[in-house]
Amino acid sequence: MKRLSTLVTLLLVAILAIAQNSTKPVIGISSNWGEGTSTSVSLTYVQSVIRAGGVPMVIPLTQDPELLAAMLERVDAVIMTGGEDIDPLKWYGEEPLPAMGSIVPDRDEFDILLIKMAVEKNMPVLGICRGHQLMNVAFGGTLIQDIPSQVKGSKVKHSQRATSSYGTHTINIEKGSLLNKQIGLEKVAVNSFHHQAVKDLAPGFKATAFAVDGVVEAIEKIGSNRVFGVQFHPEGFTSKGIDTFIGVFQHLVKEAGAYRDAKK
Ligand code: MN
């Protein structure tokens, strides 16, 4: 009898666990395209979504809008991940500077299509590093192609050599902005792995955090609390159990839940 009740209890716990996971919002994560033969994401994004209470799903690279639409039907929010430089000539009409890094035209096409479709659906979107820059470019903004050669007098190292769970430069965050509300801080040390940055903001967006050299470190869509980007890598901390930036992911998961509930 005791064995039976233990069995029933275990069964109930299992059912409860499955039910809980199946009601969690699903967060789509945009992929890298390694030389055209793989589609992959860093585990740090996956782990951060899980820690924030979401269910992670990798969105594989495709140029087929119908296929992408079908994938977007199955997720409640999207994270646009970090990666290569965006082709300046094609996407914001600038000749490439000598210091521009590597570009992946196929990934540019995929990412621009993905973010436009997601925002069109009023889906929550978090852009990280390249994803944050891409958000600005997709909606009409431009980029600094190379901080060391274009930001006169910058004395901040934006390409740190320290590990990604360690903050190396300060950012000042606008009070009342999404990032400020998400992490509860107006000043914090962030990690930094970029040589590009937002230059002219896309219409309808505002910059909400800056490094001390003036480089934009966060943007958000004005009048929306669902579309926002950060230049640093919050997942570098969150995936390692450091909770300074977990609010960024928790906010995304909360908005993803609201998006899904509104669809019902
Ligand atoms: Mn930086």
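Student: What should I know about the model first?
Tutor: It is predicted: local features need pLDDT of at least 70, side-chain atom pairs count only at pLDDT 80 or more, and totals for chains, interfaces and linings use all residues. Residues are numbered from 1 along each chain as its sequence is written, and side-chain values use heavy atoms, without hydrogens and water.

Student: At what angle do helix 5 and helix 6 pack?
Tutor: About 70°, with the axes of helix 5 (residues 105-120) and helix 6 (residues 130-138) 10 Å apart. Helices are DSSP runs of H or I, at least four residues; strands are E runs of at least two, and both are numbered from the N terminus. Axes are lines fitted to C-alpha atoms, for helices over the stretch in contact, and angles run from 0 to 180 degrees between N-to-C directions.

Student: Which residues of helix 6 make the contact?
Tutor: R130, L134, M135, V137 and A138. Contact means heavy atoms within 4.5 Å.

Student: New topic. Where is H195?
Tutor: H195 sits in the loop between strand 9 (187-190) and strand 10 (197-198).

Student: What does the H195 side chain make a polar contact with?
Tutor: The side chain of D146, at 2.8 Å. A polar contact is a pair of N or O atoms within 3.5 Å; within protein, one must be able to donate a hydrogen and the other to accept it, and residues adjacent in sequence count only if both atoms are side-chain atoms.

Student: What else is H195 in contact with?
Tutor: Leaving aside neighbours within four places in sequence, the contacts of H195 include D85, M100, P148 and S159.

Student: And which elements give two or more residues to the lining of the largest cavity?
Tutor: Helix 8 (178-183), strand 12 (216-221) and strand 13 (227-230). On a 1 Å grid over the protein atoms alone, a cavity is a set of points where a 1.4 Å probe fits but cannot get out; lining residues have an atom within 4 Å of a point. L178, F228 and V230 are among the lining residues.

Note on methods
1 Å grid on protein atoms, 1.4 Å probe; cavity = no way out; pocket = protein on both sides within 12 Å on 5 of 7 lines; lining within 4 Å.
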